[in-house]
Amino acid sequence: MPEPVDAVEMQAALLRLRRTSGLPVVFGGLLSDARHARIAELNGAQTSALRGLVVSAGSGLGGKAIALSRPCAVTDYASSRHISHEYDAAVAAEGLRSVVAVPVVVRRAVRGVLYGALRTPVTLGDRTFDAMVAAARDVEQSLAVRDEVRRLLAAGREQVTDPDTAPGAWEDVREAHRELRALVPRVLDPALREELLDACGRLASAAGAKAPAAREVRLAPREVDVVACVAAGATNAAAAERLGLRPETVKGYLRSAMRKLGAHTRLEAVVAARRAGLLP
């Protein structure tokens, strides 16, 4: 089953879709298994007829999009001969006529479906299709990030529990920390973002308590991100590409972090950050 927090990505995509496409009704849901999607998010609906509807692969317009893994559209839902009609009652209750459905595909697997609809039977143009595909891509990218976050969180928990299980384990801990921090700005859900930051904190303190002589240092999140990249041997340009920043911005964050850490070189900054418990 999709986790409740997954709805954040769908909600945000539908809100943007309605604004960019001009479609009066947009809705969608994630798959609960390989063949069934539950319509959980609606924007612009006048009734609750569609909410909670379970769409099976191959059934109706959305089911066809899921089965074929490609966008599908009808000009008049009720009279279309190109789809099956298991969901006509719910569609009619909402008064929908022209409908398009686009699957959300992550790593070749369909993970959800987005719908856009009009209450008049007109042919949908390229602008509408482009907006629908862009919205599905937004959800796809968000889900891919969430998948990676979950993978790294699981790996990080194992490494924090027993960081000496294999040679080079500390490099694995440090790489997991860098990857998690790089993902934080791309996570929409605040609860998951908080979990990410908490995991980063646990990884950073995995080596034990801070060195007795270490002074309390507070770095901004992006300053920690930059120092973590520097610890991996990244240049300012490489750190900028990894973090989605400009090289000049990275240079500014690094300069600020070095000042707070009392460091005069990049290496001194990394050592000081580790002593302060900011990096693993």
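Select Cys-229 first: at 4% relative accessibility, this residue counts as buried, a term that means under 20% relative accessible area, with exposed over 50% and partly exposed in between (1.4 Å probe, protein chains only). Next select Cys-72, which is also buried, with a relative accessible area of 5%. How many disulfides does the structure hold? There are zero disulfides, a disulfide being a pair of cysteine sulfur atoms within 2.5 Å.

The model is predicted: local features need pLDDT of at least 70 and side-chain atom pairs count only at pLDDT 80 or more, whereas totals for chains, interfaces and linings use all residues. Residues are numbered from 1 along each chain as its sequence is written, and side-chain values use heavy atoms, with hydrogens and water left out.

Now display the whole protein chain as a cartoon. The chain contains 10 helices and seven strands; helices (H or I, at least four residues) and strands (E, at least two) are DSSP runs, numbered from the N terminus. Of its 280 residues, 45% are buried.

Select residues 98-106, strand S6. Eight of its nine residues are buried, so this strand is largely enclosed by the rest of the structure.

Finally, show the side chains of Phe-27 and Tyr-115. The count of aromatic pairs comes to one, where rings of Phe, Tyr and Trp (its six-membered ring) pair if their centres lie within 6.5 Å; planes under 30 degrees apart count as stacked, over 60 as edge-to-face and the rest as tilted. The ring centres of Phe-27 and Tyr-115 are 4.5 Å apart and their planes lie at 10°, so the pair is stacked. This pair links distant parts of the chain, with Phe-27 in strand S1 (residues 25-30) and Tyr-115 in strand S7, 88 residues apart. Both Phe-27 and Tyr-115 are buried.
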